[in-house]
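Dear colleague,

Please find below the structure that I am handing over to you. My notes on what was found follow directly after it.

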Amino acid sequence: METEQLDLGQPGFKLSFEKHKFLLEGVTTQVMAVFEEINKLPENNSTYKLKKKQFFGAHPVSLEKKHLKEIANPEVFHDFLVCEKTDGIRYLMYITNFGEVILSGRGDDFFLVRMPIPPAMVKQKEKEMSIMYIFDGELVIDERGGEKWMVYLLFDAILFHGQPVYNKPYSERLKHCLQFSSTRGDLFRLSKELKIKRPGIVVDQASKFPRLKIAVKDFFQVDACAFIFNKMVPKLPHENDGLIFTRNSVPYPVGATNNIIKWKPPEYNTIDFLLVNNPYWENQYGRRILDLYVTRYNRINEQNDYILFDIMVVDEDTFNNIGEHLEIREAGDDIAYKNAGESERKKYIAECKFDPHLNNDTINHVLEGYLDGIDQYVTDLLENSALSGGLTFDDDVRNNLHLCFDRKIKNMQGGWVIYKTRNDKNTPNAFNTAKNVFNCIAENITIEDIEKEFESLAHHQPDIQTQGQQPNGKQVHNRPRMEEEPRPKKNLKTGPQ
């Protein structure tokens with residue numbers, strides 16, 4: 001049993017460009033070169049701008065009814081695979097030829113982690129550092145019988161033993177994940193039999209942190225989604241918040257893509273906002289109003305603009321606590337916050353849910369004040385927002401604020417609530433992503449809706465062969481067949497190595 005403190009947000013020794021410039025410059029330069037090649041693939045969005053310190057991982061879109069119809073198209077239905085959506089922290093994993101294992105998160109953080117690599121899987125004798133493996137995955141805490149482990153769940157391979165695999169079909173990339181996991185496990189078992197004292201490479205700085213185990217997520221034919229969610233998910237040793245649908249025939253994508261679609265139960269649909277307390281409304285509503293921001297790429301200055309998506313009503317303690325964090329304590333501080341450089345500006349990113357039944361006096365006060373003047377409401381919000389006051393005449397932004405107001409005014413209630421803070425992120429969701437999620441909230445798609453949409457195609461002969469029979473409530477290892485893979489045991493996922 002691990003006795004160390006398990007922290008998904010800091011899984012290893014934190015690296016910085018200030019103190020570890022040589023290593024990180026080498027890693028990020030090589031990784032960016034790989035993703036630039038991915039970006040050039042005809043199936044990908046070549047206009048997506050890459051930056052050296054950003055998170056390069058693919059971004060799924062949230063399932064709307066239009067996506068449900070697309071998946072249910074008989075021509076592509078069996079080109080999709082489905083897996084459970086793990087509620088952990090997403091990281092890319094980079095493994096160097098020297099055995100260094102680095103996790104790169106969406107907060108632009110880099111962690112050197114304790115995950116021993118058998119020397120036979122890397123090339124230690126080379127003089128120059130090179131990236132040998134790049135994987136995409138989710139870091140979770142597995143719990144069984146009172147014991148806990150940090151497990152990195154592999155769900156995609158980008159670079160394998162120095163060779164690009166990002167342009168292969170998804171089932172082939174999963175095969176590389178399985179090969180890495182099984183080879184590593186076999187080499188450790190062999191080392192144990194041979195009584196080798198140090199079978200794996202562990203960098204000194206990472207040795208004080210909890211050891212990471214690895215596993216590969218199980219994937220199923222798409223018509224198994226109801227079985228997965230209703231039968232498999234309740235038995236998982238880690239948190240779950242939905243399903244992921246992934247196209248098999250396309251290469252690894254860059255940026256947001258309709259080839260990876262995530263579904264969350266309606267009560268779990270959230271948007272990651274930048275929360276900023278706004279002193280402007282204090283005289284009218286008290287210290288209760290937060291601005292909620294997302295980002296949108298500005299092609300003119302090639303930077304992200306902050307876009308006001310909506311406002312949130314909170315209690316005064318929450319307002320003040322966020323103000324302390326952002327150093328916006330009174331009127332005038334918000335001007336300094338707005339004028340601060342992006343690197344100096346403090347952030348409070350939170351995952352927020354929309355509660356259609358939320359009701360309090362302040363919400364009523366705001367709604368009643370603008371019953372006959374929604375255009376004025378939108379203008380007032382934008383002109384007095386902490387970060388996006390220059391977007392008063394932007395139709396997309398105004399229309400979205402109109403929509404948010406309309407959904408509240410129907411029953412004179414409803415609003416956003418903080419679900420959890422996101423210390424692993426320093427940027428909110430993109431504007432289009434947030435609009436996509438807000439549509440999902442309104443459409444309220446359930447697992448029963450998905451099952452009903454797919455039921456007419458459930459018995460159609462699949463193009464991708466699966467191991468074992470179709471899910472029937474008894475068998476849970478029905479994932480895409482990998483020809484060199486031995487038949488797995490009847491467990492929920494490939495066991496941690």
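E327 is partly exposed, with a relative accessible area of 40%. This residue belongs to the loop between α6 (316-326) and α7 (333-339). The phi angle of E327 is near 65°, a positive value in a residue other than glycine. Please bear in mind throughout that this is a predicted model.

A second residue may be read alongside it. N444 has a positive phi of about 60°, although it is not a glycine. The loop between α11 (431-443) and α12 holds N444, and N444 counts as partly exposed at 40% relative accessibility.

The chain as a whole

The chain has 497 residues, of which 56% count as buried. Its secondary structure comes to 12 helices and 18 strands. Among the contacts in the chain with a separation of 6 or more, 73% are made by residues 24 or more positions apart. The accessible surface of the chain comes to about 23200 Å², and 46% of this belongs to carbon and sulfur atoms.

Salt bridges

Side chains of opposite charge can pair when their charged atoms come close. How many salt bridges does the structure hold? The total is 23, and three of them are described here.

One of the pairs is K14 with D109, whose closest N and O atoms are 3.5 Å apart. K14 lies in strand β1 (residues 13-15), whereas D109 lies in the loop between β5 (101-105) and β6 (110-112), so the pair ties together parts that are 95 residues apart in sequence. K14 itself counts as partly exposed, at 43% relative accessibility.

Another salt bridge joins the side chains of E342 and R345, at 2.7 Å from N to O. R345, by contrast, counts as buried at 10% relative accessibility. The cut-off behind this reading is that buried means under 20% relative accessible area, so the 10% of R345 falls within the buried class.

R422 is buried, with a relative accessible area of 10%, and D424 counts as buried at 12% relative accessibility. Both residues belong to one network, in which salt bridges that share partners join K85, D87, D241, K264, D272, E351, K420, R422, D424 and K425. When you view the structure, this network may be followed from R422 and D424 to the other residues named.

Which residues form a negative surface patch? They are E448, D449, E451 and E455. Of these, E448 has its place in helix α12 (residues 447-454).

A buried strand residue

N298 is found in strand β15, which covers residues 289-298. With a relative accessible area of 18%, N298 is buried. The limit for this class is under 20%, which means that N298 is counted as buried rather than partly exposed. Leaving aside residues up to four places away in sequence, N298 touches Q303 and D305.

With kind regards

Methods. Residues numbered from 1 in each chain as written. Predicted model: local features only at pLDDT ≥ 70, side-chain atom pairs only at ≥ 80, totals over all residues. Heavy atoms only, no water. Salt bridge = Lys/Arg side-chain N within 4 Å of Asp/Glu carboxyl O. Helix = DSSP H or I, 4+ residues; strand = E, 2+ residues; numbered from the N terminus. Buried < 20%, exposed > 50% of the residue type's maximum accessible area, 1.4 Å probe, protein only. Patch = residues over 30% accessible without salt bridge, like charges linked within 9 Å, V, L, I, M, F, W, Y side chains within 5 Å. Areas by Shrake-Rupley, 256 points an atom, 1.4 Å probe, with all protein chains shown as cover. Lys, Arg positive; Asp, Glu negative; His and termini not counted. Charge placed at Lys NZ, Arg CZ, Asp CG, Glu CD. Contact = heavy atoms within 4.5 Å.
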